[in-house]
There are 2 protein chains.
Amino acid sequence: MVGGMQSRTPASRATGRPRSATADAAILAATREALVELGWSKLTLGDVATRAGVAKTTLYRRWAGKNELVVDAVAELFDELEIPNRGSLAADIEGVVLQFAAILARPEARSGLMAVIAESTRDDALRERIRTSIVERQKRLVLEGRTRAQARGELPPESDPTAVDLIFDVVAGAVVHRTLVSAEPADEQWVRAFTRLLLVGLGGAAG
Amino acid sequence: MVGGMQSRTPASRATGRPRSATADAAILAATREALVELGWSKLTLGDVATRAGVAKTTLYRRWAGKNELVVDAVAELFDELEIPNRGSLAADIEGVVLQFAAILARPEARSGLMAVIAESTRDDALRERIRTSIVERQKRLVLEGRTRAQARGELPPESDPTAVDLIFDVVAGAVVHRTLVSAEPADEQWVRAFTRLLLVGLGGAAG
DNA sequence: GCAGTTACGCTACGGGTCGTAGCGAAAGAT
DNA sequence: ATCTTTCGCTACGACCCGTAGCGTAACTGC
């Protein structure tokens, strides 16, 4: 579960009919299904409610609108992200980038993620929701990978705390740009070349 | 001008009343103005027409819909992009990245660009329009910068033609992710750190 | 059990936007 | 002057939005 949806009131009351967890799951699944079939712009909340088998009003009791709903629906796709321990920094990077690319290859992520990010440029609350439920989880992987590499002696202990932010923007940005803007797959070959570039830079001997 | 709007028919006829170029410019300017004030989702074509002082029908004769209109309106922002010749590869990179960041800092670019990219994941024609009128122009800068660096002897002559694509995705992706997802400014300090990372990689001695 | 409280499904509604059609007038080309 | 195309304007059905109101269902505490 994501944890980003509306809490019912101040501190969840223990009285009255409880909200159906089944309905939550059905709505989020229906949202992803609609994203695949219709894309962001043609997705309507009425249609999602019908697909999920719930009333439109039920949907509006949980989510404020299309933006929040899609953020939660897409966020679940990132639950599976984990950084593998493959023994070397290069292998670790390749592993996590491939996982990230696999998620972005799915149509429900492609059409949904960019759209909510676009909306978040004018909605601070939405941006925060995206940050906590999607971006932070990714960034944690970068931190883990670097800590591991430092323990192995592959990287010097870093003093600058903003270095992680930079690396994260480079890694995530490159994969997103490759898959969504250039519209080319981030396959193993590309990931290897990218990892090499990230490790040794432009100055490194070219392949 | 962008050159991406609808040609009137097969080969532009020379008879009848010609289309008003003034109207074109007014519509595109009004679109950017509406993007700033309303953002993508609340922007309506009727409102744009009113702002531009033209009839709604006039707008529909030129653009098929919101997507195409915004692409053209945003594309004009990238007309000013040029790679400066600063004498070294590092300085060249810093210069072009700062220019790119300056464009992405403008609200009409932030809210518009990501939205049309999101839409392009389900619309090949739109993606192609974005590619030719926005992306390719950026990529040309990367090519120029690399050619220049090779002439200076800073980079070895590259055999792999896909290397440019990779570098482009990394540079553009990092800047976009920094400004739109992390929502932090790509200022001089960040650009310097990024350029260093791009040149020497993670293995390079840390600051 | 029984009352109290909340969630649910359903229907209906005003308000807004979409994209198009139809009209007469305007602006050029020949 | 005539022909062709664009322009501004109005009007229209279709769709989606977000909410209100109602009766019913589910769960809690007495």
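# Helix packing, talked through

Trainee: What kind of crossing do α1(B) and α2(B) make?

Mentor: A right-handed one. Keep in mind that we're looking at a predicted model.

Trainee: Why are α1(B) and α2(B) called oblique to each other?

Mentor: Helix α1 (residues 21-38) and helix α2 (residues 45-52) of chain B pack at about 120°, with axes 8 Å apart. Roughly perpendicular covers 65 to 115 degrees and roughly antiparallel needs over 145, so the pair counts as oblique.

Trainee: Which residues of α1(B) meet α2(B)?

Mentor: Among them are Ala26(B), Ile27(B), Ala30(B) and Leu38(B), and on the α2(B) side they meet Asp47(B), Val48(B), Arg51(B) and Ala52(B). The contact residues split into seven nonpolar, one polar and four charged.

Trainee: And what makes α8(A) roughly perpendicular to α8(B)?

Mentor: Those two helices pack at about 115°, axes 7 Å apart. The roughly perpendicular range runs from 65 to 115 degrees, so α8(A) gets that label against α8(B). Their crossing is right-handed, and the residues in contact are eight nonpolar, four polar and four charged.

Trainee: How do you know that α5(A) is largely enclosed by the rest of the structure?

Mentor: Buried means under 20% relative accessible area. In α5(A), 12 of the 16 residues are buried, so the helix is largely enclosed. Leu89(A), Phe100(A) and Leu104(A) are among the buried ones.

Trainee: What covers those buried residues?

Mentor: The cover includes α6, α7, α8 and α9 of chain A.

Trainee: How far does α5(A) reach?

Mentor: From first C-alpha to last, 23 Å, close to the 22 Å expected.

Terms used: Residues numbered from 1 in each chain as written. Chains lettered and ligands numbered in written order. Predicted model: local features only at pLDDT ≥ 70, side-chain atom pairs only at ≥ 80, totals over all residues. Heavy atoms only, no water. Helix = DSSP H or I, 4+ residues; strand = E, 2+ residues; numbered from the N terminus. Expected span 1.5 Å × (residues − 1). Buried < 20%, exposed > 50% of the residue type's maximum accessible area, 1.4 Å probe, protein only. Contact = heavy atoms within 4.5 Å. Axes fitted to C-alpha atoms, helices over the stretch in contact; angles between N-to-C directions. Parallel < 35°, antiparallel > 145°, perpendicular 65-115°, else oblique. Left-handed = near helix turned anticlockwise from the far one by under 90°. Nonpolar A, V, L, I, M, F, W, Y, C, P; charged D, E, K, R; others polar.
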